[in-house]
Amino acid sequence: MPLPKAELHLHIEGTLEPELAFALAERNGVELPYADEDALREVYSFSDLQSFLDLYYELMAVLRTEQDFADLADAYLARAAAQGVRHAEIFFDPQAHTSRGVGIGTVVEGLARALDRSEERHGVSTGLILCFLRDEPAESALETLEAARPYLHRIVGVGLDSAEVGNPPAKFRAVYEAAAALGLRRVAHAGEEGPPEYIAEALDVLGVERVDHGLRCMEDPALVERLVRERVPLTLCPLSNVRLRAVEDLAHHPLPAMLDAGLLCTVNSDDPAYFGGYAEDNLRAVRDTLGLSRERLRELARNSFLAAFLDHDEERRARYLAEVEAYDFEREG
Ligand SMILES: [Zn+2]
């Protein structure tokens with residue numbers, strides 16, 4: 001069994017594997033411009049952000065019904081469980097679906113159908129995080145939160161994703177204030193391609209409790225000191241950083257320096273179907289390329305549970321943490 005871990009940075013739309021894309025396309029009568037799964041898999045080996053985004057949004061067309069979203073989430077949870085994930089906080093992008101005529105209720109109820117059975121079927125506890133597309137207007141984010149009201153009992157928090165540069169956190173001040181008033185937890189992507197200032201802004205203006213990516217904090221020593229002092233978790237995604245060129249290659253990833261600095265880092269998979277690997281694949285890649293020790297790997301797993309939104313169930317968090325401490329690397333599968 002791989003090291004037990006929580007996955008805290010995972011876009012459910014980014015788990016759509018070619019096989020499922022074709023199955024859903026057929027079920028829904030959607031024509032995909034690829035001869036077969038192999039041809040589609042070929043396209044998955046894009047090498048820049050724009051070709052990734054083009055493919056990502058093109059394939060979303062196959063997601064239409066509650067059952068489609070349930071099947072998508074169930075396929076992810078099965079893979080995550082096999083990779084040692086014990087708890088997953090899953091991002092979804094309602095605007096990517098409402099903009100093409102799929103209601104937010106279809107998305108949330110579909111995902112919830114799989115999440116409700118996840119513990120029993122896969123041994124994975126779950127949470128849902130509603131993300132706003134930051135390249136859409138702030139009003140659209142407010143409308144999305146309003147539309148989500150009937151489903152808030154299904155949602156643990158809000159996040160912010162998509163194209164970062166030119167869309168600073170402060171643009172979403174109002175919707176984050178509204179989310180906080182509704183009792184929702186807050187996270188945001190910041191400091192992936194955007195500057196370190198966006199990280200501070202996400203903390204100060206949006207009140208985020210975790211920063212997604214955040215690797216560019218390393219350009220600002222005072223910010224690093226603050227993140228260490230305030231114990232702000234960072235959800236890093238190493239294979240994603242390589243594919244989207246946020247780092248030159250994995251050997252140049254700042255993760256070891258970030259751990260040495262005392263930052264509360266976690267390792268996650270982002271859009272695993274597109275970026276070459278799920279949670280354990282990411283951990284093994286950094287272990288092999290960056291030479292992380294077993295104690296560093298254990299620290300990353302421990303951090304993932306410390307950073308999880310499990311405050312309502314501290315007993316469960318303690319159980320997961322105990323699993324991490326008891327893990328025997330000699331017996332890893
Ligand atoms: Zn992401």
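1. Two strands count as paired if DSSP finds at least two bridges between them. Strands (E, at least two residues) and helices (H or I, at least four) are DSSP runs, numbered from the N terminus.

2. The model under review is predicted: local features need pLDDT of at least 70, side-chain atom pairs count only at pLDDT 80 or more, and totals for chains, interfaces and linings use all residues. Residues are numbered from 1 along each chain as its sequence is written.

3. The sheet is open and has eight strands in the order 1-2-3-4-5-6-7-8, with parallel pairing. Strand 1 (5-7) and strand 8 (264-267) each have a single partner strand and stand at the edges, so one side of each lacks a neighbour in the sheet. From one strand to the next, the twist averages 25°; axes are lines fitted to C-alpha atoms, for helices over the stretch in contact, and angles run from 0 to 180 degrees between N-to-C directions.

4. Strand 5 (residues 185-190) deserves attention, as six of its six residues are buried. A residue is buried if 20 or more other C-beta atoms lie within 10 Å of its own, exposed if 12 or fewer, and partly exposed in between, with C-beta atoms placed from the backbone. Arg185, Val187 and His189 point one way from the strand, whereas Arg186, Ala188 and Ala190 point the other way.

5. The partners of strand 5 are as follows. Strand 4 (residues 157-161) runs parallel to strand 5 and is joined to it by two bridges; Gly157 has Arg185 as its bridge partner.

6. Two crossovers involve strand 5. Strand 4, helix 9 (residues 173-181) and strand 5 form a right-handed β-α-β unit, and strand 5, helix 10 (residues 196-204) and strand 6 form a right-handed one as well. Right-handed here means that, with the strands pointing away from the viewer, the path from the first strand over the helix to the second runs clockwise.

7. Helix 15 (residues 279-290) lies across strand 1, strand 2 and strand 8, and runs at about 115° to strand 8.

8. Asp271 carries the feature "binding site" in an unreviewed UniProt entry; UniProt positions are given in the numbering used here, feature names are shortened, and annotations may be inferred rather than shown by experiment. Asp271 is in the loop between strand 8 and helix 14 (272-275), and it counts as buried because it has 23 C-beta neighbours inside 10 Å. Leaving out residues up to four places away in sequence, Asp271 touches His11, Gly14 and Ser240, where contact requires C-beta atoms, placed from the backbone, within 7 Å.

9. Most residues other than glycine have a negative phi. Arg231, in the loop between helix 11 (221-229) and strand 7 (233-236), has a positive phi near 55° and counts as exposed, with 12 C-beta neighbours inside 10 Å.

Technical notes: Two residues are in contact if their C-beta atoms, placed from the backbone, lie within 7 Å.
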